[in-house]
Amino acid sequence: MYRLFIFFIMLLVFSAGEIRGAEIFCDPVLQPYLERLHRIREVRIVLNKILINGSIHIVSRNCPLAAQFGAYWDRKERVICIHCSHEMGDGEILGTLLFELENAANDPCFARVDALFLDGKIDGTRYAEFMEFLEYVHSLKAAKIAKEGIEAKILPLDAALPIYPNFCTYLQAQQEGGHFSYYEKVTNESREQKSPANFERLR
């Protein structure tokens, strides 16, 4: 099992109040990337927002889900999982981690969509569309932060994140890449098992 370092962010003050005892645990292999991102003011705001809802772990893991999509945010375990392959450069890892931090910071938004699905107010396809829209919005925010980091010479040029001209273009890319169908798949499994546990990851 990985020896996890504590990225010493404790008792931070955010606009909503004091964060008591929340911590970010990071695998040693990803620690330098997190520290580099932490130099960006907007990232520090994102981290504070994450810690309002509790501690998180950031891990490098070569599981099938991470290998398929590059990374994911697991709400149930509050874990950001990054697939650090030999093909990924430093910039790509930084950009990927930044995007997943943005997802983690906005976890309550995902929870509201989960509630709509569990209450039977939306079906699996609509659920997937809502989730993809949230991730689209988060990708724009992360791309803006990455751009600021690059301009400040904190991040390398290849940390830049792709910017889609509109949601329809983004959605089409997710459908072609299998991300959209994964959301539909886990909602179908959740209905069969009458449990939300199946879709508390891949954010």
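Modeller: Arg78 is found in the loop between strand S6 (71-74) and strand S7 (79-82). This is a predicted model, in which local features need pLDDT of at least 70, side-chain atom pairs count only at pLDDT 80 or more, and totals for chains, interfaces and linings use all residues. Residues are numbered from 1 along each chain as its sequence is written, and side-chain values use heavy atoms, with hydrogens and water left out.

Biologist: What makes a segment a helix or a strand here?

Modeller: Both are DSSP runs, numbered from the N terminus: helices (H or I) have at least four residues and strands (E) at least two. The protein has eight helices and seven strands.

Biologist: Why is Arg78 called buried?

Modeller: Buried means under 20% relative accessible area, exposed over 50%, and partly exposed in between (1.4 Å probe, protein chains only). Arg78 has 14% relative accessibility, and therefore counts as buried. Buried residues make up 48% of the 203 residues in the protein.

Biologist: Where is Lys153, and why is it called exposed?

Modeller: Lys153 lies in the loop between helix H6 (124-151) and helix H7 (167-177). Its relative accessibility is 75%, so Lys153 counts as exposed.

Biologist: What makes a pair of residues a contact?

Modeller: Contact means heavy atoms within 4.5 Å. Among contacts with a separation of 6 or more, 64% are between residues 24 or more positions apart.
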